[in-house]
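Here is a short briefing on pockets. Please look over the sequence and the model before reading on.

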Amino acid sequence: MNSRLSNASIAQLPGAIAVPRYDRGAVTPGIVHLGVGAFHRAHQAAYVDACLADGDTGWGIIGVSLRSPDTRDALSPQDGLYTLAVRESAGEQLQIIGSILSLLVAPEDPDAVLTALTDPRTRIVTLTITEKAYLRAADGRLDETHPDIVHDLGNPGSPKTAHGFLAEALARRRAAGTPPFTVLCCDNLPANGATLHRLLIEFAKLRDLRLARQGDAGLARQGDAELASHVANEVAFPSSMVDRIVPATTDADRARIAGELGLEDAWPVMTEPFRQWVIEDRFPTGRPAWEKFGVTMVEDVGPFEDMKLRLLNGAHSGIAYLGLLSGHATVDRAFADPSIRRFVDALWAEAVPTLPQDAGLDTAAYTAELAQRFSNTALAHRTAQIANDGSQKLPQRIVASAIECLEAGTEFVHLTLVVAAWIAACAARGGSLPEGHFTDPLDTALSDIFARILPTAEMTEAVFDLAGFAKAHPERQKLIESVATHLVHFKQGGPKLALAAIGIGKEPPQLAE
């Protein structure tokens with residue numbers, strides 16, 4: 001067996017492998033990242049690595065896992081080093097990333113996480129915790145009844161959620177006279193910075209109210225009094241848009257990388273050549289010079305964010321659910337299916353007019369580039385991976401566009417087919433798809449709805465109610481009816497019939513409910 005990748009062994013690597021071009025011992029932490037998964041390591045950590053190599057050594061990363069110790073267990077023996085494998089059909093380039101200085105696991109040691117967050121050297125906190133970890137209710141507000149939110153309100157010194165850690169750290173920094181860090185959300189949420197800002201203000205108000213009821217003057221003197229006002233007025237939450245496809249690492253990937261390195265890497269990361277990061281430039285306590293390495297610093301990230309969510313992520317969801325139902329295990333195989341490819345083009349045609357027309361967006365070039373990225377046979381991006389958490393992803397990827405089309409009087413039949421494909425794929429688990437092939441936070445309630453064997457229209461409305469899709473919109477019923485019509489075709493003839501019914505493939509026969 002090869003020895004392990006680490007600071008001590010990195011000199012043994014072949015000359016073709018790119019390694020950190022800086023003294024890691026001279027790097028100091030400036031960023032704490034919550035949710036140190038594969039995407040962060042392929043995206044933000046790689047950009048920071050370039051900044052460190054440019055001599056800006058005050059921005060090392062402390063990575064925090066909010067749930068699982070797996071990343072820490074894999075990378076700590078490697079001194080935080082890991083391989084970034086940039087893959088395309090023509091070949092692969094390997095780079096060792098050194099920007100992560102240490103890794104923490106929040107459930108094991110919340111005090112260590114709070115210590116990192118309150119360190120005056122920490123000036124930015126970045127997050128990639130996935131959509132579901134923001135703990136929003138169906139109306140988009142903070143889910144005050146979620147058990148972890150309830151826990152954090154009652155136990156502010158040992159939080160479980162990102163909300164709890166951020167609030168407690170900001171309260172402690174305020175009490176110590178330390179300026180607040182900037183909070184940079186990097187998840188696929190609409191107006192992600194503003195969304196997290198609002199959620200944290202809601203959480204802080206609940207903290208303030210709880211302390212006021214308890215009359216705990218001691219805690220108030222430590223910085224908790226009027227925390228919500230402090231978060232609202234003194235803490236920066238710039239929005240950002242991130243883009244890079246990062247498939248899950250397989251054992252075959254690990255074996256191949258080990259063969260190239262001559263060293264074992266417990267968790268290399270696979271990605272594509274393309275990457276993009278657009279950030280609103282609001283960092284009161286400073287930031288790395290990201291713009292030197294391709295990051296776009298802007299005043300308003302909204303148009304870029306909408307384009308990415310609605311064209312890349314929306315298409316990804318459509319490809320994932322139609323691909324699963326058609327027997328395609330990876331994105332490139334699904335996108336090579338002529339019917340799915342035609343569907344994606346039509347989906348883009350519906351979504352593009354919902355984007356700002358005066359923001360200088362080149363949607364034709366963007367979708368052409370997406371088509372190349374989706375065709376990358378080297379990535380093997382699993383459709384089941386993309387399919388996870390659809391109830392949390394579809395509102396911003398698909399439903400928002402469908403609502404705008406509805407209001408504009410334009411076609412939305414391809415958009416609503418994606419919602420129907422999600423429902424059909426969820427219902428197919430344990431049947432034509434393996435049980436647990438992908439998961440959703442609403443799985444238990446979805447299973448209850450499916451078990452009731454409702455008429456298609458009633459079942460669709462029940463799912464809309466559960467997920468909060470188009471909640472309170474006066475014409476919501478039109479979307480429900482469109483989704484239900486698609487579901488009839490999925491039930492009676494699968495994706496081929498569903499696509500044929502909207503003009504992709506052969507004309508379908510007339511079917512009854």
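What volume does the largest pocket have? About 1,500 Å³. This is a predicted model, in which local features need pLDDT of at least 70, side-chain atom pairs count only at pLDDT 80 or more, and totals for chains, interfaces and linings use all residues. Residues are numbered from 1 along each chain as its sequence is written, and side-chain values use heavy atoms, without hydrogens and water.

**Terms**
- A pocket is an open set of points on a 1 Å grid over the protein atoms alone, where a 1.4 Å probe fits, with protein on both sides within 12 Å along at least five of seven lines; lining residues have an atom within 4 Å of a point.
- A volume is the space filled by probe spheres set on the points, which are joined across faces, edges and corners.
- Helices (H or I, at least four residues) and strands (E, at least two) are DSSP runs, numbered from the N terminus.

**Largest pocket**
- The lining holds 49 residues; Ala38, Phe39, Thr128, Ile129 and Thr130 lie nearest the centre.
- Contributors of at least two residues each include helix H1 (38–42), strand E2 (60–65) and helix H16 (390–408).
- H11 supplies the largest share, 4 residues.

**Second largest pocket**
- The volume is about 800 Å³.
- There are 32 lining residues, with Arg136, Ala137, Ala138, Gly140 and Pro395 nearest the centre.
- Helix H7 (192–214), H11, H16 and helix H19 (456–467) each give at least two residues.
- H16 gives the most, with 8 residues.
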